Every structure is written in C-alpha cells, then in structure tokens.
Amino acid sequence: MGTTGVEIIVVTAVYFMTARLGLLQEVTIGGETVTPLWPPTGVALFFLLSMGVRIWPGIALGEFAVSASISPVHIADIGIVAGNTLAPVCAYLMLRRVGFRAELDRLRDGLALVFLGALGAMLISATVGDGALALDGTLPVDKFWAAWSVWWTGDAMGVLLVTPVLFVIRAARLPRGAPLSRWVEAAALLVSVVVVTVAVTRSPLALLFLVFPVLMWAALRFQLTGAAPCALLVSVLTIQAATDHSGPFAGHTLLAVMVMLQALNGAAALTAILLAAITNERINTHRELLQACEGLAEVVDRLAPGRTTHELPRQGDERQGDERRGGRSAQ
C-alpha cells in the first residue's frame with residue numbers, strides 16, 4: 001500500500017471518529033438528525049490543506065461510514081456523501097486560489113477562511129445534502145429551510161472552530177524560556193473561559209456577550225494559539241447548554257434556540273480568528289520594521305568605516321560647521 005493509501009485510511013478513520021463526537025450533540029428536525037457543530041468538515045479541510053486534494057476519497061469513505069452507522073443506507077446517502085465531500089474540496093481550491101496561509105497571520109487569511117472556506121463552500125454540503133433528503137421524501141418540504149440552516153451553520157462552524165485548532169496543534173512547540181508569568185496567564189485564561197461560559201450559558205439572564213472580553217484577551221495576548229482553542233471551548237459548552245434548554249435557551253422553540261446558538265458560535269469564531277489575525281499581522285509588521293532599521297544601521301556603519309551611528313554628526317552640527325568655515329574663508 002502506497003503513501004497515499006495510508007493517508008486515505010487515516011483521513012477516513014479520523015473523519016469517522018470526529019463525526020461520532022459531533023453526533024453526541026445532535027438535534028432532530030423533521031425526523032432528520034443534524035448537528036449545530038459538525039467537526040468533520042474542519043478535519044476534512046485541514047487534511048486537504050496539509051496533504052492535498054488527493055486524499056478526497058478518505059473524506060467520502062468517512063462520510064459513507066458515518067451515514068451507514070446512523071441508519072440503513074438509502075439513495076439519499078449518495079447525495080449526502082457527494083455534498084460533504086465536494087464542499088471541503090471546493091473550500092480547499094478557493095483558499096489555494098487566494099494564497100491562503102495556514103498560519104492565519106494575516107487579516108486576509110482570516111477573511112478567506114471565514115467567507116470562502118466556511119460560509120461560502122459549506123453552502124454546497126447543506127444544499128446538496130438536504131436536497132437529496134427532500135427528493136427522497138425523508139425530509140418534509142416544510143422543514144427544509146430549518147434543517148438547511150442548521151446543516152449549513154454546523155458545517156461552517158466546523159471549519160471556523162476546528163480547522164484553526166488543528167493548525168495550532170500541528171505547529172505547537174513547547175515554548176523555551178517563557179517566564180512563569182506567561183504560564184500563569186495562560187492558566188488563568190483557560191479557567192476564565194470555562195467559568196464565564198458556564199456561568200452565562202446556565203444563567204437565566206441574557207449575559208452571553210460576556211464571553212467576548214475573554215476571547216479578546218486570548219486573541220490579543222496569545223494570538224491564534226490561544227484564541228482558536230478558547231473559541232472551540234466556548235462553542236462546545238454553549239452547545240451543551242442549548243441542547244439542555246438551560247439558561248437563556250430555556251422556553252424557546254428549537255429554531256429559536258438554533259438561531260441564538262449559531263449566532264453566538266459565529267460571532268465567537270469571527271472575533272477569535274479575525275482579532276488574532278490582526279494582532280499577528282501587527283506584530284509581524286513591527287518585527288519587520290525593526291529588522292529594516294537594523295539593516296539600515298548596518299549599511300550606515302559600512303559607509304562610514306570606523307564610526308558608529310552614534311558618532312555620525314547631526315544635521316544641525318554640520319550646518320554650524322559649514323557656517324564657521326564659511327566665516328573664516330571670508331576673513
């Protein structure tokens with residue numbers, strides 16, 4: 001078995017396992033199961049960006065295995081497999097087209113992931129999948145748009161919340177020389193995310209907005225390394241509260257709960273990714289400016305042998321010297 005065959009098997013296995021985790025938070029609309037956060041879409045896009053489009057059969061096989069594990073295979077499953085395979089492949093092709101960088105260290109990369117990789121490409125999986133179920137008669141026509149909205153946002157949230165975390169894990173290195181205060185701040189951030197999210201999602205008061213200062217803290221101080229895991233943790237804890245109909249989600253219809261939930265998930269993901277990208281871009285620009293200044297100082301030193309930049313005469317001193325020399329010449 002070649003390298004590609006092994007990679008396809010790995011993708012299939014990881015896709016299936018993350019799908020089973022996603023199904024733990026499923027909801028039922030019109031007799032059909034959908035999830036507010038579908039991690040396999042994020043996993044699929046990550047593998048495509050890391051290994052290339054050649055591993056697409058692993059996505060299709062993983063999706064087929066998931067469908068077969070839920071219920072007996074029927075004709076609509078072909079459409080679901082096609083849509084859930086085509087969507088991340090299209091996301092990959094569009095991101096490659098615009099020069100996307102997995103480091104997410106530029107604002108343009110964050111915007112590309114949001115609007116092309118998530119919101120745009122995942123229209124395919126939701127439309128093809130729900131369309132197949134509606135044509136098969138499994139999904140009632142009057143429930144189509146409710147199921148479609150949850151399907152689309154669930155796939156989009158999988159890209160926005162899971163793919164960046166996988167990028168962080170892939171690039172993770174044990175920091176060397178990090179002061180103790182940095183570790184203490186990271187631990188305090190993690191505790192704050194859990195405490196604040198649990199408090200606002202279990203309280204009957206409308207306090208969901210309080211998660212955003214914590215996400216801003218993560219993005220500004222730890223960039224994508226802190227923002228991506230925190231956004232995912234906020235989403236998972238909020239989904240648990242929504243499926244339990246607790247706190248601000250109590251007493252609402254399923255559609256209203258899904259709207260509130262996905263609005264919070266989307267806003268949290270956007271805040272974390274875009275603010276982290278902006279912060280990273282600013283830090284990189286500052287670093288480049290410092291390097292440019294150092295390079296300019298070295299050039300000046302080479303042009304004036306034996307003199308340092310501190311010894312170079314100032315413009316005012318040169319002008320005064322010229323005036324004195326001019327006065328003596330006149331005399």
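For residue classes I took Ala, Val, Leu, Ile, Met, Phe, Trp, Tyr, Cys and Pro as nonpolar, Asp, Glu, Lys and Arg as charged, and the others, Gly among them, as polar. The model is predicted, so local features need pLDDT of at least 70 and side-chain atom pairs 80 or more, while totals for chains, interfaces and linings use all residues. Numbering runs from 1 along each chain as its sequence is written, and side-chain values use heavy atoms, without hydrogens or water.

**Cavity.** I looked up what lines the largest cavity: L160, L161, P164, A228, A231, L232, A269 and I273 (a cavity is a set of points on a 1 Å grid over the protein atoms alone where a 1.4 Å probe fits but cannot get out; lining residues have an atom within 4 Å of a point). By class that lining has eight nonpolar, no polar and no charged residues.

**Rings.** I found six aromatic pairs (ring centres within 6.5 Å, Trp by its six-membered ring; planes under 30 degrees apart are stacked, over 60 edge-to-face, the rest tilted). F100 and F167 make a tilted one, at 6.3 Å centre to centre and 40 degrees between the planes. That pair links distant parts of the chain, 67 residues apart. I checked burial too: F100 is buried at 13% relative accessible area, and F167 is buried at 4% (buried is under 20%, exposed over 50%, partly exposed in between, with a 1.4 Å probe and protein chains only). Ring pairs also join F46, F47, F100 and F167 into a cluster.

Note on methods
1 Å grid on protein atoms, 1.4 Å probe; cavity = no way out; pocket = protein on both sides within 12 Å on 5 of 7 lines; lining within 4 Å. Helix = DSSP H or I, 4+ residues; strand = E, 2+ residues; numbered from the N terminus.
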